Amino acid sequence: MMRKNNRMQMLVLLINFLFISVTQGAEKEDPIVELQRDIVLLNLVNGLYLTTDQTETLIQAIERADEIKEDYQKEINRWQSDFQDVLEEIKDILLRGEELPEDLKKQHHEMKKIQFEIENEFGEKLAGLESEVTDLLTLNQLTVIDQYKPCTIPPYQGKIGQSVETAAEGIVRLLERIRMMPDMRYERMKEMLIDSQIELVERHIGFQDQEEKEAFKQTALDIFAEAKALSDQEFIVQKGEMARSLLPEDSQIRKYRKNELGRVGQFLLDSALLPILKNRLNDNT
């Protein structure tokens, strides 16, 4: 029974994987989600200070990206019936608890090969387009994109997303709270405090594996303990560095899979950015 359940789980994963597109959502999004997405992109664009030439070129790049995504979806749709027939046959056999015949395994292998080839072809086109957009931007603009934390309400002083300084200030306040906690209360709450910090890191960049997550947890516990042990004067001197050591930016560099767009492509080749840039261009002419 366990073996049969494992097969069914693998089938569900296969079906989900097979029709994951490099496009950004073929279905209509919820209006609230669309509004939040527009605002996140607006906050980023407001911090980039794009020139007119950059804006015009970026509009053209997004239009080309949309064409690539549309062509990809057409190609996937062309094979969808064949893919579905194979998957339905696999499902029927597994539901009966029978072994998959070799010819069906071969069809499944060919199906995956076709799907990978399609993804690679169109993924490479989008990656090439992302490279062109990257060359369009200045070093300062690339830094802004790299450090951008998607937000709905822009912070003070014209900064976009959650800046390193703002995040460090929040951790300093957490360390100050920990210093004020009686030891017994801290022992009761430290796991919850650790979990909240881990959640922050996971939300921004994630962990590569469980070992890395446990290492970060131990680092946080050590810093919390050090914060409680330091004298007031020592804490004043060291609190900034202690806070920065727990920032997501210092934890790791985001690793991308083959043909997965980086931050430039994810933000600036987003179809939702097209009307925003066109409106901005019209306002400036």
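What percentage of the 285 residues in the chain do buried residues make up? Buried residues account for 34% of the 285 residues, where buried means under 20% relative accessible area, exposed over 50% and partly exposed in between (1.4 Å probe, protein chains only).

The model is predicted, so local features need pLDDT of at least 70 and side-chain atom pairs count only at pLDDT 80 or more, while totals for chains, interfaces and linings use all residues. Residues are numbered from 1 along each chain as its sequence is written, and side-chain values use heavy atoms, with hydrogens and water left out.

**Figure 1. Overview of the helical chain.** The chain holds eleven helices and zero strands; helices (H or I, at least four residues) and strands (E, at least two) are DSSP runs, numbered from the N terminus. Read from the N terminus on, the elements run α-α-α-α-α-α-α-α-α-α-α. Of the contacts between residues at least 6 apart in sequence, 79% join residues at least 24 apart, a contact being heavy atoms within 4.5 Å. The chain exposes about 17700 Å², of which carbon and sulfur atoms supply 52%; accessible areas come from the Shrake-Rupley method with a 1.4 Å probe, and for residues only the protein chains shown count as cover.

**Figure 2. The loop residue tyrosine 49.** Tyrosine 49 lies in the loop between helix H2 (31-48) and H3. Its phi is positive, about 50 degrees, although tyrosine 49 is not a glycine. Most residues other than glycine have a negative phi. Tyrosine 49 counts as exposed because its relative accessibility is 66%.

**Figure 3. A negative patch on the surface.** Asp82, Asp85, Glu88, Glu89, Asp92 and Asp103 gather in a surface patch of negative charge. Patches are made of residues with over 30% relative accessible area and no salt bridge, with like charges joined within 9 Å and nonpolar side chains (Val, Leu, Ile, Met, Phe, Trp, Tyr) within 5 Å. Lys and Arg count as positive and Asp and Glu as negative, whereas His and the chain ends are not counted. The place of a charge is taken as NZ of Lys, CZ of Arg, CG of Asp or CD of Glu. Helix H3 (residues 52-95) gives the most to this patch, with five residues. Glutamate 88 is placed in helix H3 and, at 40% relative accessibility, counts as partly exposed.

Figure 4. Glutamate 75 pairs with arginine 78, their closest N and O atoms being 2.8 Å apart. These two residues are separated by about one helical turn because they are three residues apart in helix H3. Glutamate 75 is partly exposed at 23% relative accessibility, whereas arginine 78 is exposed at 55%. In helix H4 (residues 102-136), lysine 125 and glutamate 121 are four residues apart and so are separated by about one helical turn. Their closest N and O atoms are 3.7 Å apart. Lysine 125, at 39% relative accessibility, is partly exposed, and glutamate 121 is partly exposed at 41%.

Figure 5. Lysine 217 forms a salt bridge with glutamate 191, with 3.2 Å between the closest N and O atoms. This pair links distant parts of the chain, 26 residues apart: lysine 217 belongs to helix H8 (residues 210-229) and glutamate 191 to helix H7 (residues 183-204). Lysine 217 is partly exposed at 21% relative accessibility, and glutamate 191 is partly exposed at 35%.

Technical notes:
A salt bridge is a side-chain nitrogen of Lys or Arg within 4 Å of a carboxyl oxygen of Asp or Glu.
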